[in-house]
Amino acid sequence: MNIQHQRIRPQGKKLGLVDVDIHPKSSIEDLRPWLSNHWWHYLQTYGSRHRHGYVKGFPFPKSQPQAARRDAWPDNGGLPGSDLDLMNEQLLDLYGVEYAIMNPLSPTGQGEQNADFSAAMAFAANEWQIEGWVKRDKRLKASVIVPYEDGEASRVEIRRRAGNKDFAHVLLLSRTSELLGKKRYWPIFEAACEAGLPIGIHVFGYSGWAMTNSGWPSFYIEEMTEHAASCQAMVTSLIVEGVFEHFPSLKIVLIEAGFAWLPALGWRLDKHWKRLRDEVPHLKRAPSDYLREHFWVSTQPMEETEKPEHLLDVMDWIGWDKILFASDYPHWDFDDPVLALPPSLDETRRRKIFSDNAKALYGFA
Amino acid sequence: MNVTAQAIDCDVHPTVPDIKVLLPHLDEIWRESIEGRGISSLESASYPPKAPISARPDWRNGNGLAATNPAKLAEQVLDRWQAGLAICNCLYGVQLPFNEDMAKAFTRALNDWIAKEWLDRDPRLRASIVIPLQNVEYAVDEVERCAADRRFVQVLVLAMNETPLGRRHLWPIYAAAERHGLPIGIHAGSSFRHPVTSLGWPSYYLEDYVSQSQAFQSQLASLVCEGVFAKFPNLKVVLLESGVTWLPGFLWRFSKFWRGLRTEIPWVDRAPDEIVRDQVRLTIQPLDVPQEVDVVARAIEHLRSDDILLYASDYPHWQFDEDAVIPEGISAILKRKIQIDNPLATYSRLKEHAT
């Protein structure tokens with residue numbers, strides 16, 4: 001492996017690789033400088049309270065500890081994703097990454113039942129990204145973590161970061177407690193458009209509802225496949241509620257959601273919208289038009305087709321300008337940039353996915 | 001007209017015109033309850049009767065209802081498209097009650113009504129056994145009771161229920177179905193135990209209807225992961241009114257995760273896409289494709305199976321106009337398979353003569 005990596009380093013440099021999904025990890029203590037005494041006490045006493053049954057861990061045990069690559073645990077005893085030196089060695093320097101967007105997943109307060117605590121944690125996690133990471137390495141871009149269940153508090157946090165080029169997008173998790181097109185979330189869209197920031201939506205989180213519309217599944221593999229289904233519901237809601245009619249400059253990036261389901265969802269929406277359009281007169285165009293204009297997708301975990309040309313069909317239907325490379329470092333299903341894309345892709349398309357599309361979307365120089 | 005003579009229509013929906021038609025098939029206590037408790041209708045909110053999808057305009061009668069009797073069905077579907085056989089999947093909401101005794105009484109009444117008022121009146125008709133999933137013992141009893149009538153060719157459940165369909169407590173139903181050569185038909189619709197999306201209740205019926213395909217994805221994941229297909233290798237599962245084009249993307253994702261996570265479910269010893277191609281079938285309407293014929297052809301090719309699609313009009317739901325039951329972009333050879341060969345291979349009882 002090392003020999004192979006040595007060989008491809010120059011390729012990364014040439015491509016100007018942009019990785020739209022990496023996961024730096026903080027400890028609770030890392031956030032202490034930006035939490036008030038009250039919230040520090042609260043956190044120490046009551047801990048995180050998500051919409052599921054466990055104090056620590058997850059409803060469905062992951063496939064590996066911290067869902068991380070086994071080799072991503074730093075020697076200093078920290079968690080995977082907590083150490084910039086190891087991240088350099090395994091990702092940034094190794095592949096010649098030009099920019100990487102940090103999407104911290106926890107502890108960030110997102111989806112917390114206590115809305116004020118969620119807002120306090122989001123603020124702290126944003127400060128930590130800048131102080132702990134961006135200031136040390138300018139290749140890294142931060143996400144504006146927002147307490148998304150509270151639209152107004154999210155607006156405040158987005159406005160606080162507006163104009164700061166260290167932030168690449170606003171970050172939400174996909175499993176919100178209501179469908180994302182509902183009006184309670186519109187302050188987030190309004191503030192993101194004002195700030196000129198795309199909204200990245202990363203899979204996971206807990207809605208508080210059963211994980212499928214037919215009840216709770218049994219296995220982690222079902223949770224993983226289910227992300228596509230809940231993202232279909234979320235995308236449907238954003239389109240059908242008319243969010244893009246109200247916020248025509250809004251840009252949504254789907255992260256770690258896969259993408260092969262997207263064209264079929266557009267066809268399905270169009271077919272039934274033709275019959276039911278008198279229910280949704282606020283939609284001025286076919287649903288798939290909004291889909292093509294307002295959504296971007298990221299590669300990891302990319303669907304694998306038995307026939308390579310089938311994946312190319314799907315990419316073609318989504319649009320070659322809409323696909324962004326993501327590695328998901330340091331998680332177990334990390335995609336190596338050397339191996340991730342189909343070998344049959346020509347250089348132009350490869351460059352778009354690895355670099356040009358993300359630079360255009362995020363305005364990276 | 002692009003339908004082959006003797007095509008087998010695998011999804012038509014008789015309408016219960018009034019709850020009173022079930023009275024002769026109910027016990028005294030439920031007959032009295034309909035009157036005494038004011039149970040005026042069990043129509044499911046999955047299909048608001050006046051919503052455009054629920055019935056094609058030219059098939060509605062003066063009251064706005066469609067498919068209320070077998071003569072209309074014969075005129076509008078069987079004769080028009082020269083169907084050899086049609087499978088009746090009644091969607092009246094008899095599976096929805098929270099009271100399991102009530103669900104038992106009403107599913108039983110519905111099955112008896114279908115046999116008497118539909119199957120007895122047209123030898124081309126077949127039907128699915130509607131069961132009360134609320135109570136597995138009751139459900140198995142109903143399968144056993146109806147299976148004796150060979151015109152019942154399938155067991156019918158809704159796409160959204162209390163628990164995912166793979167869960168082990170439901171397996172006696174699958175054992176009974178397999179024993180009698182009855183596929184499990186999963187039809188769009190909800191018993192409303194959970195919101196119709198995993199992120200809560202949508203605002204619009206359009207979202208509700210579109211979300212059905214999410215349920216089918218979760219059900220396939222559940223049936224495969226729990227090991228239903230390994231335990232019951234002769235069982236067929238038919239997805240009815242599920243949409244079609246979501247399937248390839250789902251299987252690519254599911255099979256990839258299976259390769260990475262299969263140690264969690266070691267009894268699943270084949271890739272999910274292989275299992276689904278062997279034991280799962282889908283009806284062709286509504287076919288969720290765009291207008292472009294070349295895209296339709298590509299999307300169908302992505303299924304990588306000529307055996308997986310079954311012809312269905314979805315009558316009286318408004319999925320197409322005029323006679324366009326089978327969209328452009330499907331080859332003549334595949335059409336023949338979809339309309340005759342695949343249904344016969346799926347429903348073993350269709351090969352038998354009418355009783």
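The pLDDT is the predictor's confidence in each residue, on a scale from 0 to 100. The structure described here is a predicted model, and its overall scores are an ipTM of 0.97 and a pTM of 0.97. In chain A the mean pLDDT is 95, with 96% of the residues reaching 70 or more. Residues 1-8 of chain A, however, have a pLDDT below 50, and beyond near neighbours in sequence this stretch makes two contacts in the model. Where pLDDT is low, the predicted coordinates should not be read in detail. For chain B the average pLDDT is 96, and 99% of the residues score at least 70.

Chain B contains 11 helices and eight strands. Its radius of gyration is 19 Å, close to the 20 Å that the globule rule gives for 355 residues, so chain B is as compact as a globular protein of that length. Taken along the principal axes, the box filled by the C-alpha atoms of chain B is roughly 55 × 45 × 45 Å. Of the 355 residues in this chain, 54% are buried. When contacts in chain B between residues at least 6 apart in sequence are considered, 82% of them join residues that are at least 24 apart.

The eight strands of chain B form an open sheet with parallel pairing, in the order 1-2-3-4-5-6-7-8. Strand 1 (8-12) and strand 8 of chain B stand at the edges of this sheet and have a single partner strand each, so one side of each is left without a neighbour in the sheet. Within the sheet, strand 5 of chain B pairs in the parallel sense with strand 6 (residues 237-240) of chain B over four bridges, and Ile186(B) stands opposite Leu239(B) in strand 6 of chain B. Helix 6 of chain B lies across strand 4, strand 5, strand 6 and strand 7 (280-283) of chain B, and runs at about 110° to strand 4 of chain B.

Contact between the two chains involves 58 residues of chain B and 56 residues of chain A. On the side of chain B that touches chain A, the elements giving two or more residues are strand 4 (152-160), helix 6 (205-226) and helix 8 (246-261) of chain B. Helix 6 of chain B gives the most to this side, with 16 residues. By residue type, the side of chain B that touches chain A divides into 29 nonpolar, 19 polar and 10 charged residues.

Chain A also has an open sheet of eight strands with parallel pairing, and the order is 1-2-3-4-5-6-7-8. The edge strands of this sheet are strand 1 (17-22) and strand 8 (323-324) of chain A, each of which pairs on one side only. Strand 8 of chain A pairs in the parallel sense with strand 7 (residues 295-298) of chain A over two bridges, and Leu324(A) in strand 8 of chain A is the bridge partner of Ser298(A).

Several residues in loops were examined individually. Most residues other than glycine have a negative phi, and most peptide bonds are trans. In chain A, the peptide bond from Gln300(A) to Pro301(A) is cis, with omega near -5°, and Pro301(A) lies in the loop between strand 7 and helix 11 (308-318) of chain A. The peptide bond from Tyr329(A) to Pro330(A) is likewise cis, with omega near 5°, and Pro330(A) is placed in the loop between strand 8 and helix 12 (347-362) of chain A.

In chain B, Phe192(B) is not a glycine but has a positive phi of about 60°; this residue is found in the loop between strand 5 (184-190) and helix 6 of chain B. Phe192(B) has 18 other C-beta atoms within 10 Å and is therefore partly exposed, since a residue counts as buried at 20 or more and as exposed at 12 or fewer. Asp314(B), which is not a glycine, has a positive phi of about 60° and lies in the loop between strand 8 (309-310) and helix 11 (332-346) of chain B. Asp314(B) is buried, because 25 other C-beta atoms lie within 10 Å.

Trp216(A) is situated in the loop between strand 5 (199-202) and helix 7 (220-240) of chain A, and is partly exposed, with 19 other C-beta atoms within 10 Å. Leaving aside residues up to four places away in sequence, Trp216(A) touches Ala210(A) and Met211(A).

Conventions. Residues are numbered from 1 along each chain as its sequence is written. Chains are lettered from A and ligands numbered from 1 in the order in which they are written. This is a predicted model: local features need pLDDT of at least 70, side-chain atom pairs count only at pLDDT 80 or more; totals for chains, interfaces and linings use all residues. Two residues are in contact if their C-beta atoms, placed from the backbone, lie within 7 Å. The radius of gyration is taken over C-alpha atoms; the globule rule is 2.2 Å times the number of residues to the power 0.38. Ala, Val, Leu, Ile, Met, Phe, Trp, Tyr, Cys and Pro count as nonpolar, Asp, Glu, Lys and Arg as charged, and the others, Gly among them, as polar. Two strands pair if DSSP finds at least two bridges between them. Axes are lines fitted to C-alpha atoms, for helices over the stretch in contact, and angles run from 0 to 180 degrees between N-to-C directions.
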